[in-house]
Every structure is written in structure tokens, then in C-alpha cells.
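Here is a two-chain model to walk through together.

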Amino acid sequence: MTAYNLEKLKFLIVDDNDNMRFLVGTILRSLGVRDYRESGDGIAAFDELGHYPADIVVCDWDMRPMTGLEFTRMVRSGSDSTNRFIPIIMLTGYTEIQRVVEARDSGVHEFLAKPVSAKTLYARVRSIIEYPRPFIRASLYFGPDRRRKENLNYDGAERRIAPPKTLN
Amino acid sequence: MADEDQSELINLPNMLQAKVTIGGPGAVSPEVLEQAESMIANMTGNYLEWVKGDLVVLRGAFEALKTSPGNAKEKLDDMFRIVHDMRGQGGSFGYKLITIIGNQLCYLISGLDDAGPSEIEAIGLHVEAMDLVIARNMQGDGGPDAEQMLKGLEKVGSKFAG
């Protein structure tokens, strides 16, 4: 396990449950994070991203009035979104596979099943640092590449049409 | 993912790797991770305060369901949200049984559109069990008593499965 120093990373915690925000904040502090902010709903979080240069968002799925998935879609595709590429870790009590697929299709980077712990949250942060994923712009999707691993057994033609673009 | 086949691939610079360093003071070593886990375990006092508050709200929602039969779906949804939050927190603080019973209760509630006497009885048993876990401070797997209780609840829940 690589021991990263996270003190320069900025986090935004989005959860409509005060206790969960407190728990996630405590975990982040105990992992050495010094700068994080909290939002109690998706709309406030979207506004917060407009002036707070967060590096990673930790967001709950089951929020009102805006769910975590709706928030993610707004960050990825909203016309006034300020940080479309920001990594999003989705916290959820749902673990059914169709839920995981739904989260992935909304543009989430990592999925973290509750109950959350320091070890599981750090593992997701590490994964984001170590395995950055390119983004895909398609007619029905904008978000991190959903193909996590290259299929080494695939011997067909490359189906993606446009050549890769590199942003600096 | 057919849509993705007709897509543009955008490679991004790894901004995060540029912001983190490896090792040294402040890095998340296995020891730091263990200390972080201990810090969460030491928040049990906070958790007990939260969960007792949640139980009061849950019992209130259950009473509302029991005593006035109208708008059952709405009341079930209210209960689901409370239990959903509870199940998400219990395990983080060593109260695994709150997460397990909460999972079972969420599963039971999410399959219901209405609540007759047998559904209300089943929900009530789960609420009582969650109460008992906190009242008796049943941490971890709770021992043989908890095992019996979970088997009983599973049996109750299985009547409504599917």
C-alpha cells in the first residue's frame, strides 16, 4: 500500500445527513487532509464547486431534493459546471449490481458501500490517484471511461472513432 | 456501451499525483490508517447519541404508520429513509447489527406499497430489534443471542420476500 501525503488535496463532502458529513470529515482529517468543505445538498455543493477548487468530491447517493446521481450528472454535463472532470466518490448503502451500474453511468469515478471506514475511503482515494481514467465524450455520456481494464482478449477492430485528445 | 464506441477519448493530466507526496511525516502509512480506525472507534459516544435520536424518529414514524392507515406508502418511504441512514452508519462504529437489521428492514419496506397488520408486525419486530441492540449495547456480532434474533428476523422477512 502506497503511503500518500494528502495534505494538499481539497475535498468537498456532500451529504444531507449531518452525522455522515461529520464522520467523513473526521476520517479525512485523520488521513491528514487539512482542507475540506461540506455541503448539505447537491445544489449547494454545485454552487460551492464554483468557487472552491476541490480536487475530489465525496458524495452521498440518497439525498434530497437532489440525489447524488443527479448532482453527478449536473457536474459532468451542466452548462454552467466549473469542474466537469473532478473525481467523484459515491457513498451509498445500496450495493446491488444495477445500482453500481447506474452510478457508473452517471459519471461517478468510485463507488463506496457504507458503512464507510478510514481504510475503505483511503483505498478509493488511492485508486483515483493511481489509476486516473480518461474521459469519454459520447452522445449519451460524458464522464470517466467506464472500461476500467483493457480487455486483452479482444481482437476486434478499435470501435472508438475519434483519436484520443490530451488536455494540458 | 454502444454509445461509447462512437466517442471521443480525452486524456487528462494527473493533477492529483502532482499534489501528493509519498512517505514522510503526515503520509497515510498502515500505522496512520490504524490510528484513523481507532479515532472512529472512539467516536462511539457520538454515534450512540445520534442513533438514539434516530430511534426516536423511527419509532415516531412507525407509530404514525400503525395508528393511521392512510398514505401508507408515504410513511413507509419516511421509515425507509431513516433506516437507510442508520444502516449506513452502524457498521462504521462497531454496531454491525444495526447495519444488518437495517438492511433487512430496508429490503422489507422497499417491497411494500401498503402495510396491513402482518406487515406492521414484521416492521415492528425489526424496530424493536434495533432498539434492543442499542439498549443492550450489542457491538460486533452480538454473540449467540443476536444470532438467534437475526435468524428470527430473517424468517419474518422471508414471508414478504419476492
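A residue counts here as buried when its relative accessible area is under 20%, as exposed when that area is over 50%, and as partly exposed in between. Keep in mind as you read that this is a predicted model.

Let's begin with chain A. It contains five helices and nine strands, and along the sequence they come in the order β-β-α-β-α-β-α-β-α-β-α-β-β-β. Chain A has 168 residues, and 53% of them are buried. Among contacts in chain A with a separation of 6 or more, 63% join residues 24 or more positions apart. The chain exposes about 7,900 Å², with carbon and sulfur atoms supplying 49% of that area.

Now turn to chain B and find helix α4, residues 44-67. This helix has 24 residues and spans 34 Å from first to last C-alpha, close to the 34 Å expected at 1.5 Å a residue. Its buried residues include B:Tyr47, B:Leu48, B:Val51, B:Leu55, B:Leu58 and B:Phe62. As a reminder, an α-helix has 3.6 residues a turn, so residues three or four places apart point the same way.

Chain A brings 61 residues to the contact and chain B brings 47. Together the two chains bury about 5,300 Å², 58% of it on carbon and sulfur atoms. Polar groups take part too: 16 residue pairs are in polar contact across the interface, counting pairs with both residues at pLDDT 80 or more. On the chain A side, the elements that give two or more residues are β1 (4-5), α1, α5 (118-130), β7 (135-137) and β9 (165-166). Of these, α1(A) gives the most, with seven residues.

The interface of chain A and chain B also holds five salt bridges. In one salt bridge, the side chains of A:Asp16 and B:Arg81 meet at 3.0 Å, N to O. These two residues belong to a network of salt bridges that also takes in A:Asp62.

Over all chains, the structure holds 19 salt bridges. Side chains of opposite charge can pair when their charged atoms come close. Take A:Arg146 and A:Asp105, whose closest N and O atoms are 2.9 Å apart in a salt bridge. The pair links distant parts of the chain, 41 residues apart: A:Arg146 is in the loop between β8 (142-144) and β9 of chain A, and A:Asp105 is in helix α4 (residues 97-106) of chain A. Is A:Arg146 buried or exposed? Its relative accessibility is 11%, so A:Arg146 counts as buried, whereas A:Asp105 is partly exposed at 34%.

A second pair in chain A joins A:Arg124 to A:Glu110, at 4.0 Å from N to O. A:Arg124 is partly exposed at 22% relative accessibility, while A:Glu110 is buried at 8%.

B:Lys73 and B:Asp113 form a salt bridge with their closest N and O atoms 3.9 Å apart. B:Lys73 lies in helix α5 of chain B and B:Asp113 in the loop between α6 and α7, 40 residues apart. With relative accessibility of 34%, B:Lys73 is partly exposed, and B:Asp113, at 61%, is exposed.

How values were computed
Residues are numbered from 1 along each chain as its sequence is written. Chains are lettered from A and ligands numbered from 1 in the order in which they are written. This is a predicted model: local features need pLDDT of at least 70, side-chain atom pairs count only at pLDDT 80 or more; totals for chains, interfaces and linings use all residues. Side-chain values use heavy atoms; hydrogens and water are left out. Helices (H or I, at least four residues) and strands (E, at least two) are DSSP runs, numbered from the N terminus. Buried means under 20% relative accessible area, exposed over 50%, partly exposed in between (1.4 Å probe, protein chains only). Contact means heavy atoms within 4.5 Å. Accessible areas come from the Shrake-Rupley method with a 1.4 Å probe; for residues, only the protein chains shown count as cover. The expected span of a helix is 1.5 Å times one less than its number of residues. Buried area is the accessible area (1.4 Å probe) that two parts lose on being put together, summed over both. A polar contact is a pair of N or O atoms within 3.5 Å; within protein, one must be able to donate a hydrogen and the other to accept it, and residues adjacent in sequence count only if both atoms are side-chain atoms.
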